[in-house]
Amino acid sequence: MTEEKLLKRIVIDPKIMLGKPVIKGTRLTVELIVEKIAFGATVETLKKDYPFLTEDDVRAALLYAAKRLAHEEVYAA
């Protein structure tokens with residue numbers, strides 16, 4: 001799946017989860033997915049916990065997070 005198609009799976013709507021990025025058609029935030037992976041969750045675990053979630057949704061969340069961090073400015077102390 002292309003980068004563009006993956007990123008279209010993420011939506012930001014002020015009426016859903018206070019505007020946090022979520023998987024399209026759900027209230028599942030990118031933040032929650034990335035945090036669960038950081039604590040050891042696998043794609044299979046996530047799919048079991050959230051049956052509507054697909055592997056591409058997880059990839060989209062990770063790609064979205066990476067793209068956001070790529071634009072973060074870092075200043076030397």
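**Contacts, packing and backbone features of the predicted model**

Threonine 29 makes contact with Met17, Lys20, Pro21 and Val22, when residues up to four places away in sequence are left aside. The structure described here is a predicted model. Within this model, threonine 29 belongs to the loop between β2 and α2. Its relative accessibility is 9%, and threonine 29 therefore counts as buried, the limit being under 20%.

One of the residues touched by threonine 29 is Met17, which is placed in the loop that joins β1 (10-11) to β2 (22-23). Most residues other than glycine have a negative phi. Methionine 17, although not a glycine, has a positive phi of about 50°. Leucine 18 also lies in the loop between β1 and β2, and its phi, near 60°, is likewise a positive value in a residue that is not glycine. The accessibility of each residue was also computed. Methionine 17 has a relative accessibility of 30% and so counts as partly exposed, whereas leucine 18, at 84%, counts as exposed.

The packing of helices was examined next. Two packed helices are described by the angle between their axes and the distance between the axes. For helix α2 (residues 30-38) and helix α4 (residues 55-70), the angle is about 95° and the axes are 9 Å apart. Since angles of 65 to 115 degrees count as roughly perpendicular, α2 and α4 are therefore roughly perpendicular to each other. On the α2 side, the contact involves Val30, Ile33, Val34 and Ile37, and these meet Val58, Ala61, Leu62, Tyr64 and Ala65 of α4. The residues of this contact comprise nine nonpolar, no polar and no charged residues.

In soluble globular proteins, nonpolar side chains tend to be buried together. In the present model, the largest nonpolar core contains 15 residues. The residues with the most contacts inside this core are Ile10, Ile23, Val30, Ile33, Leu46 and Leu53. With residues up to four places away in sequence not counted, isoleucine 10 touches Pro21, Val22, Ile23, Val30, Ala60, Ala61 and Tyr64.

Helix α4 also holds aspartate 57. This residue has a relative accessibility of 7%, and aspartate 57 therefore counts as buried. Apart from residues up to four places away in sequence, aspartate 57 touches Arg9, Ile23 and Phe52. Of these, Ile23 is among the residues with the most contacts inside the largest nonpolar core.

Phe52, a contact of aspartate 57, also takes part in an aromatic pair. A search of the whole structure finds one such pair. The ring centres of tyrosine 50 and phenylalanine 52 are 6.1 Å apart and the ring planes lie at 65°, so the pair is edge-to-face; planes over 60 degrees apart fall in this class. The two partners were also assigned to accessibility classes. Tyrosine 50, at 19% relative accessibility, counts as buried, whereas phenylalanine 52, with a relative accessible area of 47%, is partly exposed.

Conventions:
Residues numbered from 1 in each chain as written. Predicted model: local features only at pLDDT ≥ 70, side-chain atom pairs only at ≥ 80, totals over all residues. Heavy atoms only, no water. Helix = DSSP H or I, 4+ residues; strand = E, 2+ residues; numbered from the N terminus. Buried < 20%, exposed > 50% of the residue type's maximum accessible area, 1.4 Å probe, protein only. Axes fitted to C-alpha atoms, helices over the stretch in contact; angles between N-to-C directions. Parallel < 35°, antiparallel > 145°, perpendicular 65-115°, else oblique. Contact = heavy atoms within 4.5 Å. Nonpolar A, V, L, I, M, F, W, Y, C, P; charged D, E, K, R; others polar. Phe/Tyr/Trp six-rings, centres within 6.5 Å; stacked < 30°, edge-to-face > 60°. Core = buried A, V, L, I, M, F, W, Y, C linked by side-chain atoms within 4.5 Å.
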